[in-house]
Amino acid sequence: MWLRRWWVLALIGVLGLLGPVARAQEGTAPITIEGVALRQVLDAPVPLYLTASIDDARARWMRDAMAIALQEVPRLTGLALPQQRLEFYLFSDPREMATLSSQLLRAPGPRVAPECFALAASGTPRRGIYCQADGWESAAQALDYVAHELTHQVEQGDSPQRRDLAQWFNEGLAEHVQQLVVRERYPAYAARDRWLREARVASALHTERLPRLGDLTSNARWQQAAAGGWAGLIYAHSSLVVDWLAGQYGLDRVVEVVRRTGAPLRFDEVFHEVFGLSVAEAEQGARAAFEAELLPRYPRGLSVFESDEPGEKAVYFAVVGFQPREWLTKEYRYADGAPADGVGATGTQPDSDRTDLSGFATWRWTRTGALPPGQPPRVELTVRGSAGSTATQSATLPTVP
Ligand SMILES: [Zn+2]
């Protein structure tokens, strides 16, 4: 019954998209929770609270992401939303999220500064999703984070005990579902996200730096690896392993592992029963598939992603399989050999001038100078690493001025 009513509310949220631009701010009411002054978005499908500094665009992205994810995540997974009310909070940056969320929760917030976190334990006050919009650049990105966190909520569901899923599986499934949700609405964003994951994993295969799933079972180990510079790779790898499982056995079997994990059976035992193979065997199978599919598509060197997103102005580059922690120098030239002017960093995503621990780096590049007359809209990039790696690749430039 409540689900049905809720569906109508979700629809209202989507229709709200068509409203005037200033709607999010107009449609809010002040509210104070645990001494924190917030604004509640009145037309959100479930409670959404913003801090004063959130602009209208980000408020809309969040509200629309919620409306979509609240429908799509349960539909795709077959896992119901918890009966308990979920609250959504949007802060403007990591600092604000850390301070205010700990005040709201009367407990220390997360030690690291994630984009979002889910408070998914059953029965906790203010169960919900907490995000900060500092790095958000698009509605697609908001949906990416919200769909990921909502997957954690349906994984836990109404189970009173914390589901003891291996953390790689937990995060990999959240990423898998996120990609399914985002792909339908924002295919260009999803394609770039996919490219990034594949290039990262290919890089780690080249440099023998792919982390072992068995080392990423506990949340503590996961956090440790993420804080130690492996965040991009462990999320990418775990999500590709879950993609592989879903491709081989079906998403319903993957979800069955979620449903059945908990007392009396442990994750490893359930995993073995459902798939007929151990985690280590699945890891081997997935790895063989990655080697066959990814290594030819992402050889050592430079990989280019040319987005067909409407209005896209940048080209995306990745260095694959260089030495770990190499300093990079980059040289951009037009077809006639003339240097090409551009910016490698925009917004909150800094330009990458060094490879990570798996020999990987990624950045985007936007042309700032005029194309030389009569030249094709192409740029040739040469990257040299401080440990001697080098690669050259050319890319088609978007024609957007
Ligand atoms: Zn997560």
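View 1. Ala29 has Gln40 of β2 as its bridge partner. What you're looking at is a predicted model, where local features need pLDDT of at least 70 and side-chain atom pairs count only at pLDDT 80 or more, while totals for chains, interfaces and linings use all residues. Residue numbers start from 1 along each chain as its sequence is written. β1 and β2 pair in the antiparallel sense, with six bridges between them; two strands count as paired if DSSP finds at least two bridges between them. Strands here are DSSP runs (E, at least two residues), helices are runs of H or I (at least four residues), and both are numbered from the N terminus.

**View 2. The open sheet, strand by strand.** Six strands line up in the order β1-β2-β3-β4-β6-β5, with mixed pairing. At the edges sit β1 (28-33) and β5 (116-119), each pairing on one side only. On average, neighbouring strands of this sheet are turned by 25° against each other, direction ignored. For angles in general, axes are lines fitted to C-alpha atoms (for helices, over the stretch in contact), and values run from 0 to 180 degrees between N-to-C directions. Further in, β4 and strand β6 (residues 128-132) run parallel and are joined by five bridges. Leu90 stands opposite Cys131 in β6.

**View 3. Two helices on the sheet.** Helix α4 (residues 94-105) lies across β1, β2 (36-41), β4 and β6, and runs at about 150° to β6. Helix α5 (residues 139-156) packs on the sheet too, touching β5 and β6, and its direction makes about 20° with that of β5. Contact means that the C-beta atoms of two residues, placed from the backbone, lie within 7 Å.

View 4. Tyr89 belongs to strand β4 (residues 87-91). Is Tyr89 buried or exposed? Tyr89 is buried, because 26 other C-beta atoms lie within 10 Å; the cut-off for buried is 20 or more, with 12 or fewer counting as exposed and anything in between as partly exposed, using C-beta atoms placed from the backbone. Leaving out residues up to four places away in sequence, Tyr89 touches Tyr49, Ser101, Gly128 and Tyr130. Leu50 is 39 residues from Tyr89 in sequence, yet their C-alpha atoms are 5.9 Å apart.

**View 5. Where α7 crosses α8.** Helix α7 (residues 187-206) packs on helix α8 (residues 219-249) at an angle of about 105°, with the axes 9 Å apart. That angle makes α7 roughly perpendicular to α8, a label for 65 to 115 degrees; under 35 is roughly parallel, over 145 roughly antiparallel, and the rest oblique. From α7 come Arg197, Arg200, Val201 and Ala204, and they meet Gly232, Leu233, Ala236, His237, Ser239 and Leu240 of α8. By class, the residues of this contact are five nonpolar, three polar and two charged. Nonpolar covers Ala, Val, Leu, Ile, Met, Phe, Trp, Tyr, Cys and Pro, charged covers Asp, Glu, Lys and Arg, and the others, Gly among them, are polar.

View 6. Contacts link 19 residues of domain 1 with 18 residues of domain 2. On the domain 1 side, α7 and α8 are the elements that give two or more residues, and α7 gives the most, with 11 residues.
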